[in-house]
Amino acid sequence: MAGRKKKPDRSQATARATPEPRATSARSAPPAHQRGPAAADVRQTLAHLAEVERLAQIGSWEWDIVNDVVTWSAELYRMLGVAEELDATFATVLELVHPEDRVRLRETIDRAYHDHGSYMCEHRMVRRSDGAVRSIQSRGEVLCDKHGQPIRIVGTAQDVTERKQVQDALAQYVALIVGSEDAIVTKTLNGTILSWNPGAERLYGYAAEEIEGHPISVLFPPDRHDEWRAVIDRVGRGDHVEHLETVRLRRDGSRVDVSLSISPVKDGQGNVIGATSIARDLSERRRAAEALALSEAQLRGFAARLRSARESERSHIAREIHDELGQALTALKMDLFSLKQSVPEPLRHPLRRKTDQMAGLIDQMVDKVRTLATELRPAVLDSLGLSAAVEWAVRQFAERTGIECTLDLPPQPVRIDSERSTDVFRILQEALTNVVRHARASRVDVHLRATPEELVLEVHDNGRGIRDREIDDPQAFGLVGMRERVLPWGGEVGVGTAPQGGTSVTVCIPLGGGRPGSVG
Ligand SMILES: Nc1ncnc2c1ncn2[C@@H]1O[C@H](COP(=O)(O)OP(=O)(O)OP(=O)(O)O)[C@@H](O)[C@H]1O
Ligand SMILES: [Mg+2]
């Protein structure tokens, strides 16, 4: 940038004509020796001008090209944070311009100088007092002498920083609306569409130019015409309507499920003058949710089929083991006995120890076979029902583990269908297994209650208790399995820490309106 004496390229003519520059100050009132009514008028006008400039945040300036003296208004000094003693030349003014904008401003002024015209340029300046970068809109006009030679440029400078910030924010906002996947529509309070973004074009099929200015009601199916009144009443009061799931009509007449969020649009005084709605197409989400629900149901059905197949397989194996193996072993024992009888007396004695051992072994095997069959599927469940099976399981558990157990059964034996009995019984087995494996308990209380409406099984232990994250762990297949077992019956399983400490498992299965035989 040109210094005070070294003049810039395109303004050489000015530079050559410019004598030694001199310092200036803000445009001042007439000197003291100029008194009188005219001077008073000038003073008043200048004061008025300064006030107007201050209010409008517009500074004015004048560049005497011949003498290279720039005169500023007081507002301009204030705007740029410069002391009024600034020795203002064109070069010192350019130094205040943001380095990246200097060449552009310089070229703009040069062009106006050569064309003897005017210019307008938006550029940044660095405020001297605090280094803040401000956006300035500069305007200037070149004035010439009677020979057509430019002698002065007069102009204004307006601080437009805030306006530019708003414009930038607005541009971002517009980019957001235009780029949004959602349909964004603005309308007046009486429903006239004011703006319609590309998302709305995609969702509803109308182009912006064909629908802007039309009533929003074209999107409403006949059965939803009242909806707008209700919504606009709320929005008119300044409320927001969130996630309103409803139906709209596309251009081709097809219906589309949407989720709407509607917000009021306010004027500068805070009055609601319209509404902006954001609509999201729900069809895709609905389809995905339905597909997910379907596949979950299929998986559940499949798991239930697996469980029931496993149960019948177990029953079958248990029966086979019990009947076939049990009968064969009994036959073997009888054969052994008759063999012993048929051996001549002198030989019988030496064989006695051997045959007794064999008979003992057969007895043990019979016991083992029974236990095995019962563990696979306790016959008592099929023959005597759930109450007897629960009693058997709790007794077995107490004997095997040494943990003290109490059992509270309904006065009448519970008789429900085999599938439900099996599920409740298996849940009890899992709950008792968990007590041994995790609880470190010394006592377990089991309650079974049945009314015509529901069956409830509770298992409380006095162990270490269970944490929420253990209950919610998706890998806790024992607990997940309990819940899965009762789901097809519309039942529930609650697992938690019991009030008196320890863990409690509560199973609740509806029995369906006092079906006969639910409590036998
Ligand atoms: N009665 C209980 N007392 C304390 N903690 C328990 C009790 N029952 C379950 N838990 C905790 O909850 C977890 C989940 O139990 P869950 O039955 O689902 O799984 P698991 O017993 O570890 O394994 P499995 O899948 O073989 O049953 C257990 O690992 C244990 O930490
Ligand atoms: Mg378990």
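Two residues are taken to be in contact if their C-beta atoms, placed from the backbone, lie within 7 Å. The model is predicted. By this criterion, and leaving aside residues up to four places away in sequence, Leu428 touches Val390, Ala393, Leu457 and Val459.

Leu428 belongs to the largest nonpolar core, which holds 35 residues. Val390, Val424, Leu428 and Val459 touch the most other members. At least two residues of this core come from each of α13 (386–401), α14, β12 (443–450), β13 (454–461), α16, β14 (492–497) and β15 (503–510). The biggest contribution, eight residues, is that of α14. A second core of 21 residues is separate and includes Trp63, Met125, Ile136 and Ala157.

Helix α14 (418–439) also takes part in the shell around ligand 1, as does α16 (477–486), each with at least two residues. The largest share again falls to α14, with five residues. The shell counts 15 residues, of which Asn434, Ala439, Ala476, Gly478 and Thr503 come nearest to the ligand.

Residues of α10 in the contact include Arg314, Ile317, Leu325, Leu332 and Lys340. Among those of α11 are Arg348, Met358, Ile362, Val369 and Leu376. By class, the contact comprises 16 nonpolar, three polar and five charged residues.

Notes:
Residues are numbered from 1 along each chain as its sequence is written. Chains are lettered from A and ligands numbered from 1 in the order in which they are written. This is a predicted model: local features need pLDDT of at least 70, side-chain atom pairs count only at pLDDT 80 or more; totals for chains, interfaces and linings use all residues. Helices (H or I, at least four residues) and strands (E, at least two) are DSSP runs, numbered from the N terminus. Ala, Val, Leu, Ile, Met, Phe, Trp, Tyr, Cys and Pro count as nonpolar, Asp, Glu, Lys and Arg as charged, and the others, Gly among them, as polar. A residue is near a molecule or strand if its C-beta atom, placed from the backbone, lies within 6 Å of it. A nonpolar core is a set of buried Ala, Val, Leu, Ile, Met, Phe, Trp, Tyr and Cys residues joined through C-beta atoms within 7 Å. A residue is buried if 20 or more other C-beta atoms lie within 10 Å of its own, exposed if 12 or fewer, and partly exposed in between; C-beta atoms are placed from the backbone.
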